Every structure is written in structure tokens, then in C-alpha cells.
Amino acid sequence: MLDVHLPGLDLKNPVMPASGCFAFGAEYAKLYDLNQLGAIIIKAATLEARFGNPTPRVAETPGGMLNAIGLQNPGVDQIIDHELPRLAEYDTPVIANIAGSETSDYVRTAEKMSKDPVVRALELNISCPNVKHGGIQFGTVPEVAAELTAKVKAVSEKPVYVKLSPNVTDIVAMAQAVEQAGADGLSMINTLLGMRIDLKTQRPVLANKTGGLSGPAIKPIAIRMIYEVSQQVKIPIIGMGGIQNADDVIEYFLAGASAVAVGTANFVDPLVCPKIINELPGKLQSMGVSSIHELVGRSWKL
Amino acid sequence: MIQEDMTVLSHREIADGIFELKLHGKIPAEISEPGQFVHVRVGGSSGSAAPLLRRPISICTADLGHQSLTLIYRSIGLGTELLSHAVEGKKIDVFGPLGHGFPVDAVPEGGRALMIGGGVGVPPLFGLSQMLADKGVQVTHVLGFRSEKDIFYENEFAELGETIILTEDGTNGRAGRVTDVLKGIDFDTAYACGPLPMLKAVQTMIGEKPLYLSMEQRMGCGIGACLACVVHTTDRDDGKGYRRVCCDGPVFRAGEVELC
């Protein structure tokens, strides 16, 4: 009922924690069995280790939060040596998010990461808004995104899902450009660029000044973008942005997503992913749906 | 580390905007050290948008026999203001205990401990002092507040050991700051919790003797996954170069992390 089949990913259910909200799973493994998850999208890997931005790195907003972590990670080699072996113990596919500053960084990181047997697919992060050279420049111009996608595809031994930025004028043009360049799927959406200003200090709350907005506040934007894009591309979409419960998952499927990722909600309720997975069958039954796949894009197919 | 709906046993304002909240549930049995904290979801059923994130609040004391814990917090923003309206019997979504607290064994048997607290940094020191006093450690408290209206637990601390109260405006106790009185006090191990400038000043003054500091930082997940609350290590050769306040801390040995 819940199983979904996407390029490189045979998932027992369509629910996975989103990149950056779950680190490499060790912390959440103390709270529940990660085998329950459909997949795990691990924190962005860059070629070299990065410390990230100064603090404060997070700020709450109405219905959401801003973050500017800045791609802090120990680098692709450390991740392969120290994080992936632990994840190999689970019967849960790993999707590795990769980021970089230059095309060559992406290509080398993709090459290394895609060779690891634990990694079933790559998520190409061309949309991190929080570092100057964190990929956002690759994610806002369709031709640039397409060129990078093609180069990563050329070296990757695993399917490549391109994570799109919502900070663009024409999301459909972006999606079509990376599809034509060979992307196997899309992740939509990354965070929206935002800011909060402290009334006392009269300065931005985040040390990085701007941050990426996530949480329930951005869900309608993601739903709209997936609704538009899924009608214009043939590749599957992993939907994300503000998902908190099973109803939200169903809404994403109706919009056109074929799987979903849960981000900020993990911080609100650390057990949210297994809760959603357990809620879904009952919801589908009450809708008279025998497989969640039947719901993909129903909002525009009807 | 569990998530549960705890029941409010009592809730009262003990100083100006400072609330003492007693909760009942299973989390107290999980607490391993004084100085750990809980992550509290306020006003939050899914569907209500604000406030979205949990609020980290330090544990003041835990009572295993009664399965209760006491939190003391300042009502200062959207989340804590909403929390301050929780009445007896109400259920509150609590996740914890989280983090590493104060090492009780860092004081030699029959030794002397100094506790230095500022404002809402004072509560976790009370639980710590209780445990140390139970062990036979001689405890001294130096507690700084802005003004008389902000003082709480003065008598509770005094029952455990010598307690020096300071207020910035001189309306109660001595006028001044905690660092004004540290020089004459003899101790084996010191523990501090309070605003960053206070921690910095205390660290400079204490010098050689063992000192443990409880840090504060904006948090996301509370369990070490999101990397919102990182601080640099002072050791440049440290393998990671950073610590997470939520799970490696909030208590650190003085000198382990940068205070900035």
C-alpha cells in the first residue's frame, strides 16, 4: 500500500527525513528504529570539511524557522568512512545530498559518493541559500543547472535527483532544464531565502543575516510548484516543505509528488516520521485508495 | 531521552516574570546529572502554527520518588509567555532529558564547591547544590540578579549552604556583580551558569581551579542533528573543532569551548 518505486529507490514507504534535518541518523537512531523509514537523505556532503556559519544559526518565524547552518559537514571522505558504514546496517536506502562551490567539487564528490554501496541515489544540492558558494548560483539559471546536472550524471554510478530552489522566477523552466540534462528525479523544494530583524539590537537575528525559511509556512509554495512542475516533466518528484502529518503527505501526492521528505517537523516532534508512516495506511483506506501511488498528481489529473 | 505529555502539578510566579513549574511523568527517572535540560513544546498541537519550535529549559530539580521535576524559567517571549498560562492538571509535551550536565564527582569527598549563578542561570545550580550537599560537600552560592524583584530561591539555597546575593542596583544583598565577591572564597571546584559576559568574567577570575560552565545557545533539534548550536573548541587541533551545546554540553569544562 505504501511502497513506491523510483529510479534507484525501491521504498517500503514514501516518507524520508530531509537532508540537513537528520544529520547521518545516529541521533534519531537512539529514539526509534530507522528501518521504519522509507529512505534517509543524509546531510549535505562537500569535497572538503566545512565548519559552516557563525551562530546564531536558527531563528523561529510564524509557522516556520530560518536556518543558516552553512553546509557544516566533515567532508565526503569522512562521511564515507565513518557515517555510511553505520547506515549499512539498516534496510533503508540512503540518498546522499552533495553540494559544492565549483563544478569540479560537485563532480568529484558525486563520483566518490555514488561508488559507495550504501548510497542508492544522489540528491544534487544546487539550492543551498546559506553559503556564498553553496550551490545557489547553480540553482537559479536553467542553463547552469543543466550543465552541472549533465556533468554529475556523467560520473555518477547512481541515479541523480536534483534539489530545486524555490528562489526563482520560473520553477518549471528549471525543472525542464535539469530533466533534459539527464536528471532521474527532482527534490522540491529547498528553503526560501528570508530574514528576521531583532527589535532590541535592530540587526538581523542570524549571524549570516539571511537564512532559509522552512516549516509549515512554506508548504503552499511547495505544493504550488510541484503542481506546476509535475505536469511538465516525466521524472518523479520527492516533495518537501512543511510536512507535519499524514494529511500533508497526501496533499503532496495529490499535487504530483511520488515520495516526500520531512524536515523541520523532526525538530518539533522527533518521532514525527514513524508517526506519519503509521498514520498513512488508515488515511488511504478511508480514501478508498489501495496504493499511495494512485494519488500522484490526482489534483490535476481529475 | 523520551517524549511524553507531562502533567502540571503546580505552577507559580516566584519572582517578576519568573515561573516555577512542577511536572509529573516518566522523564525524571531518566535524568542522569543536574544541569541537563528538557525541550518543551508550548501551545502546540499540530495545526497550530506558532510557536513551532520547542523551548529548551534547564531542569532545576528532579524528584524520583514523586516522578516529578521542577523547571524555573523566565516568561520573555511568545513561547514562554504561552507556557506561563499552563494551569494545574494540564498536559505539556516534554522531550528529555537532554544534554550533559554538571559532573557531581568533580568535587573531592568532603570538599568545597562554589556555585555562581546569574538570573535564570541560577535554577540548574540548585539541583546541583542539593546533590552535592547530600554527598557531604560544603557548598557556597554566589547568585546575581538585576534587582530585588528578580530574586528567587534565596531561602532554599541558604538552607544548603552559605549564600551571597548580589543585585546590580543594590536593592537587595550586596550591590554589584558576582565577580565582585569571588576573590575571598575558598573552594575545590566551581560551577557557573548565567549570561555569557558573566561566564567569561568568571572563567578569567577562577584561573587554575576546575570550573564547569553551562552554556546557552539557540537550538533546533536539541539532540545534535541540526548543528544550530555549535561552538568552537579552543583547541585548534581538536579533531572536530566544534561542540554542540545541546548534546555535547550544555555544561563544558572551562577552556574546552570558546565563549563567544
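This report describes a predicted model, with attention to the two domains of chain B and to some annotated positions in chains A and B.

## The two domains of chain B

Chain B is split into domain 1, covering 2-98, and domain 2, covering 104-214. Taken over C-alpha atoms, their centres are 24 Å apart. In the contact between them, domain 1 of chain B supplies 15 residues and domain 2 of chain B supplies 14 residues.

On the side of domain 1 of chain B that touches domain 2, the elements giving two or more residues are β1 (2-15), β4 (55-63) and β5 (68-74) of chain B. The most comes from β4(B), with 5 residues. By residue type, this side of domain 1 of chain B has 9 nonpolar, 3 polar and 3 charged residues.

## Annotated positions in chain B

An unreviewed UniProt entry places the feature "binding site" at several residues of chain B, including Arg55(B), Ile57(B), Tyr73(B), Arg74(B) and Thr80(B).

Tyr73(B) belongs to strand β5 of chain B. Tyr73(B) counts as buried because it has 22 C-beta neighbours inside 10 Å, and the cut-off for buried is 20 or more. Setting aside neighbours within four places in sequence, the contacts of Tyr73(B) are Phe19(B), Ile57(B), Thr80(B) and Val120(B).

Arg74(B) is also found in strand β5 of chain B. Arg74(B) has 17 other C-beta atoms within 10 Å, so it is partly exposed. With neighbours within four places in sequence left out, Arg74(B) is in contact with Gly17(B), Ile18(B), Thr80(B) and Val120(B).

## Annotated positions in chain A

For chain A, UniProt (unreviewed entry) also lists a "binding site", with Gly215(A), Gly242(A) and Thr264(A) among its residues.

Gly242(A) sits in the loop between β13 (237-240) and α7 (246-255) of chain A. Gly242(A) is buried because 25 other C-beta atoms lie within 10 Å. Apart from neighbours within four places in sequence, Gly242(A) is in contact with Gly215(A), Pro216(A), Ala217(A), Ile218(A), Lys219(A), Ala222(A) and Asp248(A).

Thr264(A) lies in another loop of chain A, between β14 (259-262) and α8 (265-268). Thr264(A) has 31 C-beta neighbours inside 10 Å and therefore counts as buried.

How values were computed. Residues numbered from 1 in each chain as written. Chains lettered and ligands numbered in written order. Predicted model: local features only at pLDDT ≥ 70, side-chain atom pairs only at ≥ 80, totals over all residues. Domains from an automatic or database assignment. Contact = placed C-beta atoms within 7 Å. Helix = DSSP H or I, 4+ residues; strand = E, 2+ residues; numbered from the N terminus. Nonpolar A, V, L, I, M, F, W, Y, C, P; charged D, E, K, R; others polar. UniProt positions renumbered as here; feature names shortened; annotations may be inferred. Buried ≥ 20, exposed ≤ 12 C-beta atoms within 10 Å, placed from the backbone.
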